[in-house]
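Here is a friendly walk through a two-part question: what is in this model, and how far does the predictor trust it? Have a look at the structure first, then read on.

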Amino acid sequence: MYLECFRIDYKLQDNDDTDSADSKSDSLLDHRIVVAIAEAVEQSRTLKLLSLPPFSCTELCYEKLINMLQRNTTLERIDYWVRICNLYYPDANEKIDDLLHLNQSGARRLVRQDNVSAREILQFVTDRNRNDDLDSLYHLLLSRPSVLPTPQIERRH
Amino acid sequence: MLEVKSMDAILDARSSWDDGMGTVDYERYDSRASLDNNCVSDDSLRSRSVNRYENDRDDLFDAGVDEDYSVHSCKSGASCCNPRFMEEVTANLLTNNPEFSRLELEDSIEDISRLIQAIKANMTVREVEIHIEALEGLSRIDQRYLADAICNLPELRSLLVYKNSLVFVEPLLRHQPFLLEQLRLCKLDISEPSRVKSLVSALRVLPNLTSLDVGFDGTDSDGVLAALV
């Protein structure tokens with residue numbers, strides 16, 4: 001199976017009393033579920049989109065997702081949520097978003113790939129430069145400076 | 001990401017499936033063989049459709065029209081419970097109208113037996129979308145017959161079920177729709193371990209699945225966790 005998109009949702013118990021401690025914990029994503037998903041997704045080389053249930057992520061969830069993204073270089077988008085006044089909005093986490101952006105641009109795949117041709121590097125640099133994506137260029141140069149072709153200087157005697 | 005471990009595991013899951021309805025005689029609505037123009041075996045139908053897909057696929061991609069399916073459904077200003085409109089839908093299904101590639105059931109169905117017979121005879125529908133109201137009006141047994149017919153559509157590539165999608169798991173496992181790419185099952189109740197096993201087995205036998213959307217309902221965190229690990 002070559003999954004590119006995986007969305008999961010489940011309904012939590014309805015709770016009218018939103019102020020109680022139980023209802024607060026119910027609105028947070030069970031980190032065990034995130035761990036299970038992260039472990040399943042970590043090795044995938046086809047999945048590009050992961051959508052989690054619209055419940056607020058705990059700090060532990062963020063940590064698990066970041067750990068997963070340290071290894072996965074193909075996932076480009078994760079939908080996760082924050083709860084504000086009983087409504088859920090797309091959440092943002094700087095570290096997660098940075099890693100996803102580098103996956104989108106292909107910088108992390110390029111860094112880890114063996115036998116990268118000079119042509120591929122040049123194409124990547126040109127594309128990223130054209131798109132003003134300096135973050136990806138910086139990541140590439142910082143992580144693997146040797147990928148850039150060295151200029152051949154001809155010595156004349 | 002997921003791999004088929006063995007056919008025994010699949011057969012195990014199939015035999016252990018239990019949603020409280022017992023065994024169903026799936027031949028009851030099997031009209032495909034009895035139709036004069038479609039009197040061929042299921043195997044030959046499947047292989048023919050697969051070969052046709054493989055031959056046409058590149059052309060479709062080149063032309064950029066692979067995703068551009070025409071839309072003919074119950075949603076086009078009419079209701080599934082309107083006998084006149086359903087007549088048109090079943091006629092399109094029975095005649096294998098090549099432009100009729102999307103079936104959307106969004107209202108209670110007037111004549112379920114006739115619709116199931118028409119679906120069983122069809123070889124053109126690629127996308128199926130079933131709304132809550134369409135299944136709510138059916139008995140549990142008719143839901144299973146309908147699910148069985150839909151999952152046996154030889155050209156099925158996209159399936160979206162908004163409610164009671166559990167009833168589609170066993171037919172998916174049984175028919176293994178080869179071309180299915182997008183699967184969305186909402187409000188799945190997998191609170192029993194055997195259902196979890198069947199769901200996982202069904203997902204494993206869909207080789208071309210690229211998009212999976214599952215929504216669990218009536219299932220606690222532990223049940224969801226059991227389905228994921």
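## A word on pairing

Before we get to individual residues, one term: two strands are said to pair if DSSP finds at least two bridges between them. Keep in mind too that this is a predicted model.

With that in hand, take strand E2 (residues 127-130) of chain B, which pairs with strand E3 (residues 158-161) of chain B in the parallel sense, over four bridges. Within that pairing, B:Val128 sits opposite B:Leu159 in E3(B).

## The sheet that spans both chains

How many strands form the open sheet, and in what order? There are nine, and they go E4(A)-E3(A)-E2(A)-E1(A)-E5(B)-E4(B)-E3(B)-E2(B)-E1(B), with mixed pairing. Strand E4 (87-90) of chain A and strand E1 (102-105) of chain B stand at the edges with a single partner strand each, so one side of each has no neighbour in the sheet. From one strand to the next, the twist averages 10°.

On the chain A part of the sheet, strand E2 (residues 49-56) of chain A runs parallel to strand E3 (residues 77-84) of chain A, and four bridges join them. There, A:Ser56 stands opposite A:Trp81 in E3(A).

## A crossover in chain B

Back in chain B, E3(B) is also joined by four bridges to strand E4 (residues 182-188) of chain B, and these two run parallel. One bridge pair to look for is B:Val161 with B:Leu185 in E4(B). To get from E3(B) to E4(B), the chain passes through helix H7 (residues 169-175) of chain B, making a right-handed β-α-β crossover.

## Two helices side by side

How are helix H4 (residues 112-120) of chain B and helix H6 (residues 140-151) of chain B packed? Their axes are 9 Å apart and meet at an angle of about 15°. Angles under 35 degrees count as roughly parallel, and H4(B) and H6(B) are therefore roughly parallel to each other. Their crossing is left-handed.

The contact involves B:Ile112, B:Ile116, B:Ile119 and B:Lys120 on the H4(B) side. From H6(B) come B:Asp142, B:Tyr145, B:Leu146, B:Ala149 and B:Ile150.

## Where the chains meet

Chain A has 19 residues in contact with 19 residues of chain B. On the chain A side, the elements giving two or more residues are strand E1 (5-10) and helix H2 (31-42) of chain A. E1(A) supplies the largest share of that side, with six residues.

## How confident is the predictor?

For the complex, the predictor gives an ipTM of 0.76 and a pTM of 0.72. Chain A has an average pLDDT of 83, and 83% of its residues score at least 70.

In chain B the mean pLDDT is 72, with 64% of the residues reaching 70 or more. Here E3(B) has the highest mean of the chain's elements, 96, while helix H2 (residues 42-63) of chain B has the lowest, 34. The pLDDT is below 50 over residues 1-78 of chain B, yet this stretch has 88 contacts in the model beyond near neighbours in sequence.

Methods:
Residues are numbered from 1 along each chain as its sequence is written. Chains are lettered from A and ligands numbered from 1 in the order in which they are written. This is a predicted model: local features need pLDDT of at least 70, side-chain atom pairs count only at pLDDT 80 or more; totals for chains, interfaces and linings use all residues. A crossover is right-handed if, with the strands pointing away from the viewer, the path from the first strand over the helix to the second runs clockwise. pLDDT is the predictor's confidence in each residue, from 0 to 100. Two residues are in contact if their C-beta atoms, placed from the backbone, lie within 7 Å. Axes are lines fitted to C-alpha atoms, for helices over the stretch in contact, and angles run from 0 to 180 degrees between N-to-C directions. Angles under 35 degrees count as roughly parallel, over 145 as roughly antiparallel, 65 to 115 as roughly perpendicular and the rest as oblique. A crossing is left-handed if the near helix is turned anticlockwise from the far one by less than a right angle, and right-handed if clockwise.
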